[in-house]
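Please look at the sequence and the model before reading on.

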Amino acid sequence: MALEGAHASAQAMRQINPDVVAAYPITPQTAVVQTFSQYVADGEVDTEFIAVESEHAAMSACIGAAAAGGRVMTATSANGLALMWEELYIAASLRLPIVMTVVNRALSAPLNIHCDHSDSMGARDAGWIQLYSETGQEAYDNTIQAMRIAEHPDLLLPVMVMQDGFITGHAVELVEVADDTAVREFIGTYTPKYSLLDIDHPITFGAWDLWDYYFEHKRQQTDALSKAMKVIVDVGQEFGKTFGRTYGIFDPYAMDDAELAIIVLSSTAGTARTVVRELRKKGLKIGLLKLRVFRPFPAQELVAALKDVKAVAVLDRSISFGAMEGAGPVFLEVCAALFAAGAAQKVVNYIYGLGGRDVLPEYIERVASDLREIAETGKVKTLVNYLGLRE
Amino acid sequence: MVIKLKEQAAKPERLAPGHRFCAGCAEPIIIRQILNAIDEPVVVGAATGCTEIATSMYPYTAWNVPWIHNAFENVSTTIAGAEAMYRVLVRRGKIPERNIRFIAIGGDGATYDIGLQWLSGALERGHRFIYICLNNEAYMNTGIQRSSATPMGAHTTTSPAGTVIPGKMQWRKPLTEIITAHRIPYVAQAAPSHWRDLMEKARKAAAADGPSFINVFSDCNRGWRHGTETAIEVTRLAVETCYWPLFEVENGVWKLNYKPREKKPVEEWLKTQGRFQHLFQPQFKHVIAEIQARVDEEWEGLLKKCEA
Ligand SMILES: Cc1ncc(C[n+]2csc(CCOP(=O)(O)OP(=O)(O)O)c2C)c(N)n1
């Protein structure tokens, strides 16, 4: 089907036919809520759709609904995600398997409706699993897998599925939409362990802790997240067997004998792959790692994937304000992973595409030539660089 | 159905003993009166505040019914989400219909102030739930700060009485009227001193096919500064002075539930509490007159609404 990325997400939601969806419109996610409401209006789903008065209310309703023991989904972007902040933490800490589509968009101010990753990166410590999608197809596939991952009995954790606002969100591409029954079979049925509606076995959700239990509860939560990687890989494999597209933690391209590597999330991977392909033709030993799972962060897996590489460039579509030299969050994680493993690779950071700024192939070519120089000289001239910035 | 005290007392407790409310607090009294009055199974939510803190300290819980706490402002929406899930799971045949009633409980801070948007949204969408505001006229859980329900002239820790300022400068927000403007099936104002009235209101709220709201006057001896044994007396005086009238609005029809035989001066009620003590100093006496004038004006207005 020729679909916009946002519609691909909505298609996945239609096939999942969740029990409750609570959502509020915000560009560029609006297409997801609108499309889904139309499915409700046309009887294509029999979901209870709650058109709430704000994103904070959307996540509040999702939490109440999920605690009541059914499948719950929502979608948002940017300021909407920021308004949910308090509730994101509560959803994860109450171990509620909510699935949320995030169509990435810049955070205000200045107000900007175009793509960068400042919204989902700002939510990175809330305890949600985060999957990033390069294309509408991946947004669709990831959404279906997210339901299985979230509901896995070892996890019971909420999952965010990202795609790039407008770039994939509003771009029409061919998306292979699976058979409804195949999707339904893949996600199966969900039986909650605890439910507010089980009036014969009353349970208390959302108690409060003093110093005597809070710490242990947080430890349990982080333990659960540490089990997520295996579940994500298992579900990605099974998805591959069923639908022909296998998913892992990251997607390596030309990495087998690579001496230089670029790490990037989401749609920019497409541009980067094209450039890498061209450079490979010219004999440069460069590869690409498209990171799919950012939370939990696959530190060991990345270290292993980069072990034979001399220099690594990390592309960040957001800034971690006040971090070392104003670097991006992905870069900081990669540095930490390599350092902790005692690895010796040189690492360099590129901030790009903020507020929807285009990413041109020549920018990636510049990254590649910097990488070559770093590998040759063993020196990183500037740790944090900007692509496509007027200075 | 007549509410018989003997029968009510024999019912199993839904809010169990062993909670940590302060001695003399009205909140557990009110919660028990309400939960006792409702015969259907219930799912209860509470906003952050005294009720939540007093009943849910891990690993204990005082709740013998399913209960959820989410955050300070959104108990209405949280319960609305649970109610939506209940409806869809019954519709899809995944769980049996059990006639469950959904109850959201919030303090005046959670209701009048921070949670008003969430509450208004949930009322507009018509979720079938009962919202109970436990109105102790300040943020008690965090140490007696003013809320928009705090009466004029009251001393709180963020509207302190000083040498030049006589406590809170503004009149309380007319929340019950604001809720009434949402045209939901049932709205009421109640007090635990008039327990039969409160329990009947709880039953009507439970029977309403849509959202319902009860604003319950909830004495806090810590914040109001009086002894631990006088909550019900002080509450009764608030009703007798017409400071806290008991009324209900059923499908748009206003009804006064209690008319004192003799309307007492509001001063008698103010006198019972330390939070108004400063008003009895000569330089602040005019505030008492202002409060009386406002109470009279609101009372007259209410009588008119209930006559029509
Ligand atoms: C967003 C947010 N802001 C502030 C608080 C701190 N807080 C917790 S309870 C509370 C006051 C509760 O007052 P009220 O709703 O009147 O209930 P009461 O405790 O008096 O019964 C406040 C300010 C919070 N938990 N969350």
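In the shell around the ligand, helix α5 (residues 108–113) of chain B supplies the largest share, 3 residues. Helices here are DSSP runs of H or I with at least four residues, strands are runs of E with at least two, and both are numbered from the N terminus. This is a predicted model, in which local features need pLDDT of at least 70 and side-chain atom pairs count only at pLDDT 80 or more, while totals for chains, interfaces and linings use all residues. Residues are numbered from 1 along each chain as its sequence is written, chains are lettered from A and ligands numbered from 1 in the order in which they are written, and side-chain values use heavy atoms, with hydrogens and water left out.

**The ligand**

Where does the ligand lie? The ligand lies between chains A and B. There are 18 residues around the ligand, and E27(B), C50(B), G109(B), A110(B) and M140(B) come nearest. A residue is near a molecule if one of its heavy atoms lies within 4 Å of it. Sorted by class, the shell holds 7 nonpolar, 7 polar and 4 charged residues. In this sorting, Ala, Val, Leu, Ile, Met, Phe, Trp, Tyr, Cys and Pro count as nonpolar, Asp, Glu, Lys and Arg as charged, and the others, Gly among them, as polar.

| Side chain | Distance to a ligand oxygen atom |
|---|---|
| E27(B) | 2.9 Å |
| D108(B) | 3.2 Å |
| N136(B) | 3.1 Å |

On its own the ligand has 590 Å² of accessible area, and the protein covers 76% of this. Accessible areas come from the Shrake-Rupley method with a 1.4 Å probe; for residues, only the protein chains shown count as cover.

**The two chains**

How many residues of chain A are in contact with chain B? The number is 44, and they are in contact with 43 residues of chain B. Contact means heavy atoms within 4.5 Å. The two chains bury about 3400 Å² between them, and 60% of this is on carbon and sulfur atoms. In chain A, the residues L197(A), I199(A) and W208(A) supply 21% of the area that this chain buries against chain B, more than any other three residues. Buried area is the accessible area (1.4 Å probe) that two parts lose on being put together, summed over both.

H69(B), in strand β2 (residues 67–69) of chain B, has contacts in both chains: leaving aside neighbours within four places in sequence, these are F205(A), G206(A), A46(B), A47(B), T48(B) and E52(B). The side chains of H69(B) and T48(B) make a polar contact at 2.7 Å. Is H69(B) buried or exposed? H69(B) counts as buried because its relative accessible area is 11%, where buried means under 20%, exposed over 50% and partly exposed in between (1.4 Å probe, protein chains only).

**A pair of residues in chain B**

I232(B) belongs to helix α10 (residues 231–240) of chain B, and S193(B) to the loop between β5 (186–190) and α8 (195–207). They are 39 residues apart in sequence, and their C-alpha atoms are 5.2 Å apart in space. Not counting residues up to four places away in sequence, I232(B) touches I29(B), P192(B) and S193(B). With the neighbours within four places left aside, S193(B) is in contact with I232(B), T235(B), R236(B) and V239(B). S193(B) is buried, at 5% relative accessibility, whereas I232(B) is partly exposed, at 29%.

**Backbone details**

Most residues other than glycine have a negative phi, and most peptide bonds are trans. The peptide bond from T27(A) to P28(A) is cis, with omega near 0°. P28(A) sits in the loop between β2 (20–23) and α2 (30–41) of chain A. Another cis peptide bond joins A109(A) and P110(A), with omega about -5°. P110(A) is in the loop between β5 (99–104) and α6 (118–122) of chain A.

In chain B, N99(B) has a positive phi, near 60°. N99(B) is in the loop between α4 (75–91) and β3 (101–107) and is partly exposed, at 41% relative accessibility. E137(B) also has a positive phi, near 65°. E137(B) lies in the loop between β4 (130–135) and α7 (175–180) of chain B, and is buried, with a relative accessible area of 0%.

Methods:
A polar contact is a pair of N or O atoms within 3.5 Å; within protein, one must be able to donate a hydrogen and the other to accept it, and residues adjacent in sequence count only if both atoms are side-chain atoms.
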